[in-house]
Each structure stands twice: as C-alpha cells, then as structure tokens.
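Please read it alongside the sequence and the model.

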Amino acid sequence: MARVVSSSPSSLLNLLFFFFSLYMVAVGQSGHKPCVQAFGADQFDEKDPKERRERSSFFNWWYLSMCAGVSLAILVVVYIQEAVSWALGFGIPCVFMVVSLVLFVLGRRKYRYVRRRHEDEINPFTRIGRAFLSPSACSASDVEDGTSLVRLIPVWLTTLTNAIPYAQYMTFFTKQGVTMERTIVPGVKIPPASLQVLMGLLIVIFVPIYDRVLVPVSRYISKDPCGITMLKRIGTGMVLSSLTMVVAAMVESKRLETAKEYGLIDQPETTVPMSIWWLIPQYLMLALAEVFTIVGMQEFFYSQVPTELRSIGLALYLSSLGVGSVLSSLLISVISLATGGDGGNSWFNSNLNRAHLDYFYWLLVVISALGFFVFLIISRSYIYRRVDGV
C-alpha cells in the first residue's frame, strides 16, 4: 500500500515541487547574498576616514548577525520541525523573509545609491574589457580597474586551500562525534551535529572582541585605519585554519588509540570511551579562523574591484567557499580510491575505527600551509586599489 502511495502522481508532484522550492532558494541566495551585502557596505562613504573605518566594522557585524541567525534557526526552527510540524518550521522563516522584504522596501528613500563614475558607459565589462584590448584608448582609471581584477586571481586561487579545511566541520568533525561519548547527564546525550551550533555561538563571541578590542589596539600600534590590512587578516586566519587541522589530527589519533586500547577496532557501533568535548578545541580554533579569514575575504573582494562590480567581488568570495567544497569532495574521492575504497586500509573506511582521518587531516595541514606560503608571497607584492584610500 505504501508503495502505491509513494508512486502516485500527487506524491511525484509534491516531490518535484519540494525540490523546485529548494533550487529556487539556492538561485535566490546566489543573487541575494553578494548584492545585499555590497549594498549595505555602499551606505558608507569610502572617502570619509571615519565612515571607512565604520565600513570595516560593518563586515564584522554583518557576519556576526548571519551566524547568530543560523544558530538560532538550528536551535529553534529545527526543534519546531521535529517536535511540532515541518510546515510550521518552514513557515516561520517565510514570515521573517516577508517582514524583512517589507522593511527593506520601506527604507528605499533613505538609502545611499552609489553612482557609476562613467555615466555615459552602459556596461562596466565593456569599459574594463577595452583596457585589455586597447589600453592606449582608455583612461588611466580604466586600466587600473582592469589590472586590479587580474591581481585578484592569484589571491582567489590561494584562498581555495583555506576553504578545503573549512568544509570538514560539517562532515568529518560530526562523524568523529558520533563515535564518542556524548552523555551530558544520565539519560541525556548531545547530538553530534549540534556542535555545529557552537561554531556560530563562538563567532558571536569572537567578533565583538575582535572589533572592540583587537582592532583599536592594532590601529594604535600600526596607525592603519582598519587595524590590520585585509590581506594580513586573511593570512592570520589561514594560519589558524592550518593549526586547526593539526589539533584535529592529534585528537583523531587519540580517539583511534583509545578505540584500540579498549578493543573496539571492529566494533564501530560501540561508543569509544572518549568524551565528545575533546572536539571543542578544533571547533573553537576554526571559529576564530573564520572571524579573520571569511570576514577579511568579504571586505577584500568588495573593496578591490571596480565600484560597479562590488557584488561580483563578493560573489568571488562566495565562489571560493563553493569551489573549495568541490575540491574537498574530489580530494576525498581520489584518496578513497587510492587507499582501497570503503574497506581495507582506506582512510575513509565506513568503520571509523579502521579509517585514518588523522592522515587526511595531516594532508590538509600540508595543503593549507603550502597555500599560505604562496599567499604570503603574493600578498607582499600586492598593490591595493587607490580608490579605497588604502
């Protein structure tokens, strides 16, 4: 009977409608995320020193609000979906989006709109494209805009090595937690995936400390309006990301040793007597790395592209995370095939007690470290765009 219902036209229609809705969300987010953040940053006058400093803080508080919203959704909305109704769980974000849209539209007369420098130029790609085809026929600013885009390419490529470690906390960190002791009090266990909420909460804590303590101190020392330059901020996060993988590798080695010590190598369903709180340091360090790298990338790619292409600049930042996740999946597939698939000595054996995630983490340490050193070489010769007053 269940098979007949599941294959009925109405069930198929519901399934198609469900996936169509998910893809619509993805399409909407691809346009919404880079554009709304660029528009928010445009509300600050980059020619005013005070507002330029405030714009730098804007990216910090923007990311804090995003992480706070995601954490709240995981804690509240997911609970409502499981305990009450999926319809209500999806309905609550829908209502909030409608309210947000209304508030956004109501403020349209108060916003600051950035005008193009070339009112007679329809397409900025045409203007910049001419700088490559015929530099002698272009203005100096057009040539500078063209070269600034070229200079972004090697920086973008090096950020991919940082995005690969970042992709692990939603997958392998959670799989580690499943095998570990998760009891908080007798009868109550913490879901391993709930540690992902910890990332958002830690970012909510770290951002104010960075913006209100570290930035003023570094601004006083370096005399830089932003405290530290955007590339230094990104580089600091890349170092922290590499150290996160070092800690993750050491914790996983400890977990494997514990499983071996208690004779649990071939008992993957049995809980390894090692507390899940051992994973806290790697979550903490990765959250701190995000505050430096992710927010630094947002501000960097926003400010280092021509004025008309700032949403494209933020799309570059988002694409770095997306491509990094794809590269992570590709790397895992290649290693899995090379080390024996799902059995034997595979690094990703379905029995995690026979797998070697520690080897994989050490490989990511090497990859991210190499990426950082290349980034360091590139950043030392990088010239910031003059339009931002850097």
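**Notes on the predicted model**

1. Helix 9 (residues 230-261) contains 32 residues, and its first and last C-alpha atoms lie 47 Å apart, close to the 46 Å expected at 1.5 Å a residue (the expected span being 1.5 Å times one less than the number of residues). Gly-263, with a positive phi near 65 degrees, follows helix 9. Helices here are DSSP runs of H or I with at least four residues, and strands are runs of E with at least two, numbered from the N terminus.

2. This is a predicted model, in which local features need pLDDT of at least 70 and side-chain atom pairs count only at pLDDT 80 or more, whereas totals for chains, interfaces and linings use all residues. Residues are numbered from 1 along each chain as its sequence is written, and side-chain values use heavy atoms, with hydrogens and water left out.

3. The protein chain has twelve helices and four strands, and its C-alpha trace spans about 70 × 55 × 40 Å along the principal axes. Of its 390 residues, 42% are buried (under 20% relative accessible area, with exposed over 50% and partly exposed in between, for a 1.4 Å probe and protein chains only).

4. The largest nonpolar core has 76 residues, among which Tyr-63, Phe-173, Leu-231, Phe-300, Phe-360 and Tyr-361 touch the most other members. Helix 10 (residues 280-303) supplies the largest share of this core, 13 residues. Such a core is a set of buried Ala, Val, Leu, Ile, Met, Phe, Trp, Tyr and Cys residues joined through side-chain atoms within 4.5 Å. Beyond four places in sequence, the contacts of Leu-231 (heavy atoms within 4.5 Å) are Val-155, Phe-300, Phe-375, Ser-379, Tyr-382 and Tyr-384.

5. The axes of helix 10 and helix 11 (residues 310-338) come within 7 Å and cross at roughly 145 degrees. These axes are lines fitted to C-alpha atoms over the stretch in contact, with angles from 0 to 180 degrees between N-to-C directions. Residues of helix 10 in this contact include Ile-294, Met-297 and Phe-301, and those of helix 11 include Leu-314, Tyr-317 and Ser-320.

6. Thr-159 belongs to helix 6 (residues 140-166). Is Thr-159 buried or exposed? Thr-159 is buried, at a relative accessible area of 1%. Leaving aside neighbours within four places in sequence, Thr-159 is in contact with Met-297 and Ser-320. Ser-148 is eleven residues from Thr-159 in sequence and 17 Å from Thr-159 in space, C-alpha to C-alpha.
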